[in-house]
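Here is a quick walk through a protein model, written for someone opening it for the first time. Have the sequence and the 3D view at hand and follow along.

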Amino acid sequence: MSKPRVAVLRPDDTRIADAVRYLRSLRVSPIADPMLTICPTGQTPQQAEYCIFTSKTGVNLAVQQGWDPDEETVCAVGRQTSAALRRQGYPVDIIPSTFTSRGLVEELSAKIDGRTVEIARSAHGSEVLIQGLEEAGATVHESHLYRLERPNTAGSSVSLAIDGKLDGILFTSPKTVEHFLDIADDRDQLSVLQQQVTETIIGAIGTPTERALLSESICVDVKPPTVGFDQLADRVIQKIKSTNECS
């Protein structure tokens, strides 16, 4: 019996290599097709009373640009972001119990009236965070530390999906969804793709990624309760195997 073929669309750095190794440990055939490449902007977080990071990529780029917290209350969305800060020797003062922009707004809303808040993240972040913090009375500034572009090499998984040759696809951010579908659209095969993936197990990390897929009429079969690649991979593989057993 052939191994299930699962597309992984993580950024073209150590994350794609780690994802491939993990998928192989689950006895599947990974189709590595990075949909994101990190393009630093050279910006550095500005000083503020609260400084918010939403990804480990943002943390690492901020440190490379010379960011060094003084009296800021440092906030991290997610375990990987907080771990990246601690690896650099920085304290993490606040981690929301729900690893989303809304979760962080709820965590901070009673503390930031009249305070200054710096958001250090990609250029593609949701406006939910800014709006929520401003509504809570904060003065908010945002630094775009990097952009997420589509690699020129991306697209092998799109071809396989159109041909009905994938058992699963792992979407790890709204941008991976956007770039994946843009490739199909560029080839004038978006409607074909949307039809073909109804037979593919679709996995999404987090509500924003799920929402991006649903907005393009693609049903989500798996969304783990926690935000993490391993959990996503585990559940998608389980779903594929249970589906194959029933067919």
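## Helices α4 and α5

Helix α4 passes α5 in a right-handed crossing. This is a predicted model, so keep that in mind as you look around. To find the pair, look for α4 at residues 101-108 and α5 at residues 127-135. Their axes come within 9 Å and cross at roughly 15°. An angle like that makes α4 roughly parallel to α5, because anything under 35 degrees counts as roughly parallel.

Which residues make the contact? On the α4 side they are Ser101, Arg102, Leu104, Val105 and Leu108, and α5 brings Val128, Leu129, Gly132 and Leu133. Sorted by class, this contact of α4 with α5 has 6 nonpolar, 2 polar and 1 charged residues.

## A closer look at α5

Stay with α5 for a moment and start at its beginning. There, a side-chain oxygen of Ser126 reaches to within 3.0 Å of the backbone nitrogen of Val128. Just after the other end of α5 comes Gly137, with a positive phi of about 100°.

Which residues of α5 are buried? They are Leu129, Ile130, Gly132 and Leu133. Leu129, Gly132 and Leu133 also turn up in the contact with α4. The cover over the buried residues of α5 includes α4, but also the strands β4 (50-53), β6 (116-122) and β7 (139-149).

Here is a handy bit of background for looking at any such helix. An α-helix has 3.6 residues a turn, so residues three or four places apart point the same way.

Two packed helices are described by the angle between their axes and the distance between the axes.

From α2, the residues in the contact are Lys56, Val59 and Asn60. Across from them, α3 supplies Gln80, Thr81, Ala84 and Leu85.

## His179, tucked into α7

Next, jump ahead to His179, which sits in helix α7 (residues 174-186). Is His179 buried or exposed? His179 has a relative accessible area of 6%, so it is buried, since the cut-off for buried is under 20%.

What does His179 touch? Setting aside neighbours within four places in sequence, His179 is in contact with Met35, Leu36, Leu148, Glu149 and Arg150.

## Two loop residues with positive phi

Finish the tour with a couple of loops. Asp188 is in the loop between α7 and α8 (190-196). Although Asp188 is not a glycine, it has a positive phi of about 60°. Asp188 is exposed, its relative accessible area being 69%.

Further along, Ser217 is in the loop between α9 (206-214) and α10 (229-246). Ser217 isn't a glycine either, yet its phi is positive, at about 65°. With a relative accessible area of 59%, Ser217 is exposed, because the cut-off for exposed is over 50%.

Conventions: Residues are numbered from 1 along each chain as its sequence is written. This is a predicted model: local features need pLDDT of at least 70, side-chain atom pairs count only at pLDDT 80 or more; totals for chains, interfaces and linings use all residues. Side-chain values use heavy atoms; hydrogens and water are left out. Contact means heavy atoms within 4.5 Å. Helices (H or I, at least four residues) and strands (E, at least two) are DSSP runs, numbered from the N terminus. Buried means under 20% relative accessible area, exposed over 50%, partly exposed in between (1.4 Å probe, protein chains only). Axes are lines fitted to C-alpha atoms, for helices over the stretch in contact, and angles run from 0 to 180 degrees between N-to-C directions. Angles under 35 degrees count as roughly parallel, over 145 as roughly antiparallel, 65 to 115 as roughly perpendicular and the rest as oblique. A crossing is left-handed if the near helix is turned anticlockwise from the far one by less than a right angle, and right-handed if clockwise. Ala, Val, Leu, Ile, Met, Phe, Trp, Tyr, Cys and Pro count as nonpolar, Asp, Glu, Lys and Arg as charged, and the others, Gly among them, as polar. A polar contact is a pair of N or O atoms within 3.5 Å; within protein, one must be able to donate a hydrogen and the other to accept it, and residues adjacent in sequence count only if both atoms are side-chain atoms.
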